[in-house]
Amino acid sequence: MNKNKNKRLLRNFLINKEIQLKIVLINLLYILLIIIITLAVLLYPLLYDMFISNNIDIQYKAAQNFLMLMKHLLPAVCVMFIFTFIHQIIFSHRFLGPLVNFGHTFYKISNGDFTRNILLRKGDFLQKESEKINEINDSLAKHISDIKNSHEKLILAIEKAMSNINDVDSKKDITDALNIAKREAIIIKDNLSLFKITDKEKI
């Protein structure tokens, strides 16, 4: 059961393997390069004594010191690589997780569904950006809702005018209904004018 739980946990953190593993690989390569350069500088005296010195005792002591250092350094380097791998996976997840969340919300919006807001976990990046997107989503939802309400009132006003059109005594009712229809049509126009639409054919 713990094995399956660990697999699920790893899948949750590897939400975009291609990007996350690429980030981890690049960082590990940089760390490896830094370690090689640092070791080359630090171990240069020992390597010099091992390979350049003509004194056998100096060569022997340098070799012993080199082996002792390697014995302690290699486990430390392995632990550092493991720690870096785990840290980079968690770190990249805190950035890519919100982007996946954004994508789901954008997909809903593109299909005319404004009911999904972005909810990020504590510690995730892009908190301010998610709040701004939620504000945009709520604003769009309000404009669409106003348009729908005005459209319903417009239809009702037109239906009322049409039902009384043959009744001579209902002239005032028809006029009132048409005024309501006109007012709601203006509201719809004002709401629709907020949306800037590019004519792609002219680009």
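Biologist: Is H93 buried or exposed?

Modeller: This is a predicted model, so every value here is computed from it. Buried means under 20% relative accessible area. H93 has a relative accessible area of 6%, so H93 is buried. H93 is found in helix 3.

Biologist: What does the side chain of H93 contact?

Modeller: Look for N or O atoms that sit within 3.5 Å of each other. The side chains of H93 and R121 are joined by a polar contact of 3.4 Å. R121 is partly exposed, because its relative accessible area is 44%.

Biologist: Which residue forms a salt bridge with R121?

Modeller: A salt bridge needs a side-chain nitrogen of Lys or Arg within 4 Å of a carboxyl oxygen of Asp or Glu. R121 pairs with D124, and their closest N and O atoms are 3.1 Å apart. D124 counts as buried because its relative accessibility is 9%.

Biologist: How many salt bridges are there by this rule?

Modeller: The count comes to four. Another one of them joins D113 and K108, at 3.9 Å from N to O. D113 is partly exposed at 23% relative accessibility, and K108 is partly exposed at 34%.

Biologist: Where do K142 and D146 lie?

Modeller: Start with the general idea. An α-helix has 3.6 residues a turn, so residues three or four places apart point the same way. Now the case here. K142 and D146 both lie in helix 4, residues 127-163, and are four residues apart, about one turn of the helix. Their side chains meet in a salt bridge of 3.1 Å, N to O. K142 counts as exposed at 53% relative accessibility. D146 counts as partly exposed at 24%.

Biologist: Let us step back. How many helices and strands does the chain have?

Modeller: The chain has five helices and zero strands. Along the sequence the pattern reads α-α-α-α-α. The chain has 203 residues, and 22% of them count as buried.

Biologist: How do I read the span of a helix?

Modeller: Helix 3 has 55 residues and reaches 77 Å, close to the 81 Å expected at 1.5 Å a residue. Helix 2, residues 17-51, has 35 residues, but its end C-alpha atoms are only 45 Å apart. A straight helix would reach 51 Å.

Biologist: Where is the kink in helix 2?

Modeller: A kink of about 55° lies at L43, shortly before the proline P45. L43 is also one of the buried residues of helix 2, which include V24, L28 and I35. Helix 3 has a kink of about 30° at R94, shortly before the proline P98.

Biologist: What caps the N-terminal end of helix 3?

Modeller: N55 does, with a side-chain oxygen 2.9 Å from the backbone nitrogen of D57. Just after helix 3, G112 takes a positive phi of about 80°.

Biologist: Which residues form the nonpolar patch on the surface?

Modeller: They are L21, I82, F85, I86 and I90, with about 430 Å² of accessible area together. Helix 3, residues 56-110, gives the largest share of the patch, four residues. I82 lies in helix 3.

Biologist: Why does I82 count as exposed?

Modeller: Exposed means over 50% relative accessible area. I82 has 53%, so I82 is exposed.

Methods: Residues are numbered from 1 along each chain as its sequence is written. This is a predicted model: local features need pLDDT of at least 70, side-chain atom pairs count only at pLDDT 80 or more; totals for chains, interfaces and linings use all residues. Side-chain values use heavy atoms; hydrogens and water are left out. Patches are made of residues with over 30% relative accessible area and no salt bridge: like charges are joined within 9 Å, nonpolar side chains (Val, Leu, Ile, Met, Phe, Trp, Tyr) within 5 Å. Accessible areas come from the Shrake-Rupley method with a 1.4 Å probe; for residues, only the protein chains shown count as cover. Helices (H or I, at least four residues) and strands (E, at least two) are DSSP runs, numbered from the N terminus. Buried means under 20% relative accessible area, exposed over 50%, partly exposed in between (1.4 Å probe, protein chains only). The expected span of a helix is 1.5 Å times one less than its number of residues. The bend at a residue is the angle between axes fitted to the seven residues ending there and the seven starting there. A polar contact is a pair of N or O atoms within 3.5 Å; within protein, one must be able to donate a hydrogen and the other to accept it, and residues adjacent in sequence count only if both atoms are side-chain atoms.
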